[in-house]
Amino acid sequence: MFYCLYIVHRKTVLWFNMGLPIYIYGLAIIRHQTQFNILNLLAMLLLIAVIWVIYRNSDWLIDSAWYYGTQFLFGVAWWSILKGIRTMTVSQVLLLTFEFMMMMTIVHFGNIEIRAMVKRYMKLEKDNGYDFLTGVRNRRTFNEVVNEVFEVYSNNDLPVAMVMFDIDHFKLFNDQYGHQVGDNVLKYVAQLFSDELFERKTNAQLFRVGGEEFTIIFRNRTSAEAAPIVKTIRDILVEKTFEVKDDLDVRITVSIGVTDLKKSDQSAKDFYKRVDKYLYQAKNNFRNSMSVEGDVSSLS
């Protein structure tokens, strides 16, 4: 009961912890196993107060020295209530409280180790699943997601669109200003697209699939619905300037390909190859262009 307050953040746990001592003590009074007295009332109020404090502050209490204080108060309050039902001395109450604290300390250290293992696992998953430079999902994650999307969406009538874009003339950033500037451009573009996709509640997933190439998967949207969203974000990108050095700001443009998953696609590879083809159509149209299902238009 005590540890559930810390690790299970549900009101049912709160009400159960508060209700059980009241029920037990009330039942004992009805059955004439004990009589109402002020000490038991104070113990009940202490227990309820401790339960409420733990419930409201469990996230920081669990890793602080106050955790052991809540152990002691919880144990003393419970055993004091039970002392009114069973004949126990004060020393027995303190001994039982000490045993309770020892047990909860063992459980606590076990929980600390488990949480540390989970954090290490989550970090490893993030390191493996996200691009270290830009912070967006990487090519490995893209391969997993696009195959999953193909399996699900190729068997129903729900739409899914894929967008691929890359940064125009990216090699010039590296060659003229150095790789540090090139890295900063990649981070800047990835962050802008990621933030704007989130702000628009698109539930789209952004991936870095190559050097300066990114893909976006839009579940439950057609290419006709995804294209205006991406164009709007691209316009925001172009309206801003990027500082490559103290006295020089430049505008960054991208070329974009957009397509739907087709019933004729035999695999996720067909889906990917088509959006890649449309991207290169846009790049071949003097860049700064968008190709939606092969229909190319300039974004100037």
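Predicted model: local features only at pLDDT ≥ 70, side-chain atom pairs only at ≥ 80, totals over all residues.
A salt bridge here is a side-chain nitrogen of Lys or Arg within 4 Å of a carboxyl oxygen of Asp or Glu. With that in place, I can begin with one group of residues: K231, R234 and D235 are linked in a network of salt bridges.

In general terms, side chains of opposite charge can pair when their charged atoms come close. Let me take three further pairs in turn.

The side chains of K263 and D157 form a salt bridge, at 3.4 Å from N to O. This pair links distant parts of the chain, its members being 106 residues apart. K263 sits in the loop between β6 and α10, residues 268-284, and D157 in the loop between α6, residues 139-153, and β1. Are these two residues buried or exposed? K263 has 72% relative accessibility and therefore counts as exposed, the threshold being over 50%. D157 is likewise exposed, because its relative accessible area is 73%.

The second pair lies within a helix. D175 forms a salt bridge with K171, and their closest N and O atoms are 2.6 Å apart. The two residues are four apart in helix α7, so about one helical turn separates them. Both D175 and K171 are exposed.

E196 counts as buried, at 18% relative accessibility, whereas R200, at 34%, counts as partly exposed.

E196 belongs to α8, and I turn now to that helix. Among the buried residues of α8 are V181, V185, L186, V189, F193, E196 and L197. They pack against β1, α7, β2 (residues 205-208), β3, α9 and β4. The length of α8 can be checked as well: at 1.5 Å a residue, its 21 residues should span 30 Å, and its end C-alpha atoms are 30 Å apart, which agrees. Just after α8, K201 takes a positive phi of about 50°.

This brings us to the interior. In soluble globular proteins, nonpolar side chains tend to be buried together. The largest nonpolar core in this model has 37 residues, and those with the most contacts inside it are I167, F193, I216 and F218. The elements giving two or more residues to this core are β1 (160-167), α7 (170-177), α8 (179-199), β3 (213-219), α9 (223-239), β4 (242-245) and β6 (254-260). Which element gives the most? That is α8, with eight residues.

Consider I216 in detail. Leaving aside neighbours within four places in sequence, I216 is in contact with A161, M162, V163, F165, F193, L197, A204, Q205, L206 and V230. A second, separate core has 25 residues, including L5, M44, I51 and M104.

Finally, the surface. Which residues make the nonpolar surface patch of about 680 Å²? They are I29, F36, I38, L39, L41, L42 and L45. Helix α3, residues 38-61, supplies the largest share of this patch, with five residues. F36 lies in the loop between α2, residues 11-30, and α3. With a relative accessible area of 56%, F36 is exposed.

Definitions and conventions: Residues numbered from 1 in each chain as written. Heavy atoms only, no water. Core = buried A, V, L, I, M, F, W, Y, C linked by side-chain atoms within 4.5 Å. Buried < 20%, exposed > 50% of the residue type's maximum accessible area, 1.4 Å probe, protein only. Contact = heavy atoms within 4.5 Å. Patch = residues over 30% accessible without salt bridge, like charges linked within 9 Å, V, L, I, M, F, W, Y side chains within 5 Å. Areas by Shrake-Rupley, 256 points an atom, 1.4 Å probe, with all protein chains shown as cover. Expected span 1.5 Å × (residues − 1).
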